[in-house]
Amino acid sequence: MSKRCGECEQTKFALEEDSAEFRIWYEGHQDVCSATHVGSSDAMEVNAAVKLWERSESIGFRYTTLLSDGDSKSFVELKERNVYGNSWCFNQSSLARGKKPGFHKDWVKTPINEEYLPKILPIYQRLASSELLSRCVRGLTQNSNEALHSMIWNRCPKENSASRSRVLIAVSSAISEFNVGTLKNLKTFQDVNCLVTSLSSEHLAFFTDYRRTYFRKKIKSANFKVEQEKIKFAKLRRLKIEKKLGPMYKSGGF
């Protein structure tokens, strides 16, 4: 959902919002307009959640969990609307009443639509695979995901509002560059648009890829990890000394 539409803003400026020309233009544009929400940003998050919940049963499933920020109002709104009615798990409901739970096929009112099962099942199998779960045991951070998010935010800062088209362009461009590299992404974009890639652009893109690859290998190297441990140990040692003797250095303190 978005509160802005770049095309509308430009056309309002060019034709004036109250003019007949703008109204005629908007009649043909409103079906593809990027502005899909009117109101505050907080309300947009709530409305988006309600929209997702209300349409879920029409495509054969129900949401069971909402993961959001602590100050999100979406959960409260969904609870008040009671979108699914009394949706407490029939198994827990039966146990609470001291009865034997029945079978899923008799109680689940919205089973997964078989039409969507071939698309959902591979995702579930991959998420539940031993190979993927074994990678989680190491407790590492999601650096790859964070790197991709950073590339998207560089193109479309999350601090500023943006139109739907700009977000789509930013996400598509970032994913392409993340997967195939800056140089190949640049050449593909130029070829699609029948543009010539300059040597300086190719050189800059190549250097960007080289730098990213270099630092990635460096971070994974054993020497880098040893150096990081040394820095961490030195920092902890300094903090212990400062806690015992007070600050060892303070700008302008002597």
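1. Does tryptophan 53 count as buried or exposed? In this predicted model, tryptophan 53 has a relative accessibility of 12%. Buried means under 20%, so tryptophan 53 counts as buried.

2. Tryptophan 53 belongs to the largest nonpolar core, a set of 6 residues that also holds Val46, Ala49, Val50, Leu78 and Tyr84. Helix H3, residues 41-56, gives the most to this core, with 4 residues.

3. Leaving aside residues up to four places away in sequence, tryptophan 53 touches Tyr63, Thr65, Leu66, Leu78, Val83 and Tyr84.

4. The count of aromatic pairs comes to 5. In one of them, the ring centres of tryptophan 53 and tyrosine 63 are 4.4 Å apart and the planes stand at 25°, so the pair is stacked. Tryptophan 53 lies in helix H3, while tyrosine 63 is in the loop between H3 and helix H4 (74-81), so the pair ties together parts 10 residues apart in sequence. Tyrosine 63 counts as partly exposed because its relative accessibility is 30%.

5. Tyrosine 210 and tyrosine 214 also form a stacked aromatic pair, at 6.3 Å centre to centre with 20° between the planes. Both lie in helix H12, 4 residues apart, which is about one turn of the helix. Helix H12 covers residues 199-220. Tyrosine 214 has a relative accessible area of 43% and is therefore partly exposed.

6. Elsewhere, Phe22, Trp25 and Tyr26 are linked into a cluster by ring pairs.

Notes:
Residues are numbered from 1 along each chain as its sequence is written. This is a predicted model: local features need pLDDT of at least 70, side-chain atom pairs count only at pLDDT 80 or more; totals for chains, interfaces and linings use all residues. Side-chain values use heavy atoms; hydrogens and water are left out. A nonpolar core is a set of buried Ala, Val, Leu, Ile, Met, Phe, Trp, Tyr and Cys residues joined through side-chain atoms within 4.5 Å. Buried means under 20% relative accessible area, exposed over 50%, partly exposed in between (1.4 Å probe, protein chains only). Helices (H or I, at least four residues) and strands (E, at least two) are DSSP runs, numbered from the N terminus. Contact means heavy atoms within 4.5 Å. Rings of Phe, Tyr and Trp (its six-membered ring) pair if their centres lie within 6.5 Å; planes under 30 degrees apart count as stacked, over 60 as edge-to-face and the rest as tilted.
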